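Hello,

Here is the structure I promised to pass on. Please have a look through it, and then read my notes below.

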Amino acid sequence: MRIRGDFGMPATDPNSQNIFVIGSRTISFTSMASLLHNTRELKTFVVDEGHGVKGLSELKIKSLPELFIQPVEKRLDMSKVVPYESIPVIDMSNSDDLKVREAICDAAEKWGFFQIINHGVPLSIIDNVKDATHKFFMLPPEEKKKYLFKNSPTKNVRLVTSFIPEVDTVLEWKDYLSCFYVSDDEANSFWPSVCRDQVLEYLKNSESLIKRLLEALIKRLDIPKLDDKNKSNSYGIDANKPKLLPYETGGLYVRKLDSENWVHVPPIKGSLTINIGDALQIMSNGLYKSIEHHVVANGNKNRISVPIFVNPRPNDVIGPLPQVINRGEKALYKQVLYSDYVKHFYRKSHNGKDTIDFAKV
């Protein structure tokens, strides 16, 4: 499970004071100028001290520091955004209906993304988890830094700025908290109390929906039902999906299959966005698609997302399912230990969907 914030970057008020207090740290105008132009000092402030991009945005800087300016080739080219087109929106109110199941599978094949409405997760629970996410990121840096990887008492809870700040040469404009679910006892012991109960409630109320989605997807792979061999999923690690993602600010763009064009995903109140990821692409032998996507931060408004990642267990071996290969298909992917795939995923910064090449034959 991950809660994420992409924070707006307000312009400097010319009448504001020249002293900024962020948590317990006081920064003068002169010190701030030094901070913004010293990559090492800036990374220490943002990453190591737990201020994150939220703390940086609160300095009311006029423009992004160079550390956060993505190279042109990694930016979303807005001229390639296709207007008047969107990913499928599927009504889940009768998920046993054959047409609904077919729509889910078609969307997984042709888009790798789709939105669902009437999914059964109460809107109040979605609103609660979003409010709790805001409260976590509003905590003072001294509180949040307890969950940095170097400070966290468990490897299953980690606060991060960017994607992999240890290897990213250019940082992404986002902060996120990953919470890997092991048990209620561990969550109660180690997850941040300001959002723990709401995240657990959202997770547990989503389990039935996750099962319905997976059941629909596996039937097209000639697997009649979920059993102990094919429902081994864990929640939290952020490499592979399907992923449930509620958000309402906009800014998510999905690349069209076999195209250089992109489609904006408009926010729909109460909807969830489903992202088919690498594991399902590998297990379906490429039938279902893991598609590249971008998030563009809003310059004036914070963007919050609370995705649930559904993954194989670390000791599982993933590859094209036997039922798929038995249909006469040639295996496009090899069998790989899932934990090895995750290590590869976090070893370097990403370029599109190149990480999946690790599993190709």
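**Cysteines, cores and rings**

Cys 195 is buried, at a relative accessible area of 1% (buried means under 20% relative accessible area, exposed over 50%, partly exposed in between, with a 1.4 Å probe and protein chains only). Before going on, please note that this is a predicted model, in which local features need pLDDT of at least 70 and side-chain atom pairs count only at pLDDT 80 or more, while totals for chains, interfaces and linings use all residues. Residues are numbered from 1 along each chain as its sequence is written, and side-chain values use heavy atoms, with hydrogens and water left out.

Back to the cysteines: the sulfur closest to that of Cys 195 belongs to Cys 179, and at 6.0 Å it is too far for a bond. The structure holds zero disulfides (pairs of cysteine sulfur atoms within 2.5 Å). Cys 105 is buried too, with a relative accessible area of 2%.

Now the cores, meaning sets of buried Ala, Val, Leu, Ile, Met, Phe, Trp, Tyr and Cys residues joined through side-chain atoms within 4.5 Å. The largest nonpolar core has 51 residues, and Ile 104, Phe 114, Leu 177 and Tyr 202 have the most contacts inside it. Elements giving two or more residues to this core include helix H4 (98-110), strand E5 (113-117) and helix H8 (196-219) (helices, H or I, of at least four residues and strands, E, of at least two are DSSP runs, numbered from the N terminus). H8 gives the largest share, 11 residues. Leu 177 touches, among others, Met 1, Phe 136, Tyr 147 and Cys 195, not counting residues up to four places away in sequence (contact means heavy atoms within 4.5 Å). A second, separate core of 14 residues includes Phe 45 and Trp 173.

What about the rings? A search of the whole structure finds eight aromatic pairs (rings of Phe, Tyr and Trp, the last by its six-membered ring, with centres within 6.5 Å; planes under 30 degrees apart count as stacked, over 60 as edge-to-face and the rest as tilted). Phe 163 and Phe 345 have ring centres 5.8 Å apart and planes at 75°, so the pair is edge-to-face. Phe 163 is in the loop between E6 and E7 and Phe 345 in helix H11 (residues 338-345), so the pair ties together parts 182 residues apart in sequence. Both Phe 163 and Phe 345 are buried. Ring pairs also link Phe 136, Phe 137 and Tyr 147 into a cluster.

Best wishes
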